[in-house]
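The following paragraphs walk through a few side-chain features of one model. Please keep the sequence and coordinates at hand while reading.

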Amino acid sequence: MALSRYGVDGKASLLRRHSNSRRLATLLATTVHLTTRAVDDALDLLEVLIATKLLAKAERETVKEKMKTLPRVERVRAG
């Protein structure tokens, strides 16, 4: 975790000072961390979209059911 944080927050000039193996380890840790975060964000967004769609459908169904229980108003014929 600390290595990935160092990779995200660190400056390129500081990373260049490290050995190749340390730079590679930092890059790998950072990539894994950012990938995990991106997947988590995508799943959170999917959850919001699904919930929104389900709530909208439930609201439409509720309105339909409510309309069925209300008395119908007949049209007045102008004549």
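A salt bridge here is a side-chain nitrogen of Lys or Arg within 4 Å of a carboxyl oxygen of Asp or Glu. The model is predicted. By that criterion, E65 forms a salt bridge with K68, with 3.6 Å between the closest N and O atoms. Both E65 and K68 belong to helix α3, where they are three residues apart, about one turn of the helix. The two partners fall into separate accessibility classes: E65 is partly exposed at 46% relative accessibility, whereas K68 is exposed, its relative accessible area being 63%. The cut-off needed here is that exposed means over 50%.

The structure holds two salt bridges. K64 also takes part in one, with E61 as its partner and 3.9 Å between the closest N and O atoms. As a general point, side chains of opposite charge can pair when their charged atoms come close.

Next comes a nonpolar feature of the surface. V39, L43, L46, I50 and L54 make a nonpolar surface patch of about 470 Å². One of these residues, V39, is located in helix α3, which covers residues 20–69. V39 has a relative accessible area of 45%, so V39 is partly exposed.

Conventions. Residues are numbered from 1 along each chain as its sequence is written. This is a predicted model: local features need pLDDT of at least 70, side-chain atom pairs count only at pLDDT 80 or more; totals for chains, interfaces and linings use all residues. Side-chain values use heavy atoms; hydrogens and water are left out. Patches are made of residues with over 30% relative accessible area and no salt bridge: like charges are joined within 9 Å, nonpolar side chains (Val, Leu, Ile, Met, Phe, Trp, Tyr) within 5 Å. Accessible areas come from the Shrake-Rupley method with a 1.4 Å probe; for residues, only the protein chains shown count as cover. Helices (H or I, at least four residues) and strands (E, at least two) are DSSP runs, numbered from the N terminus. Buried means under 20% relative accessible area, exposed over 50%, partly exposed in between (1.4 Å probe, protein chains only).
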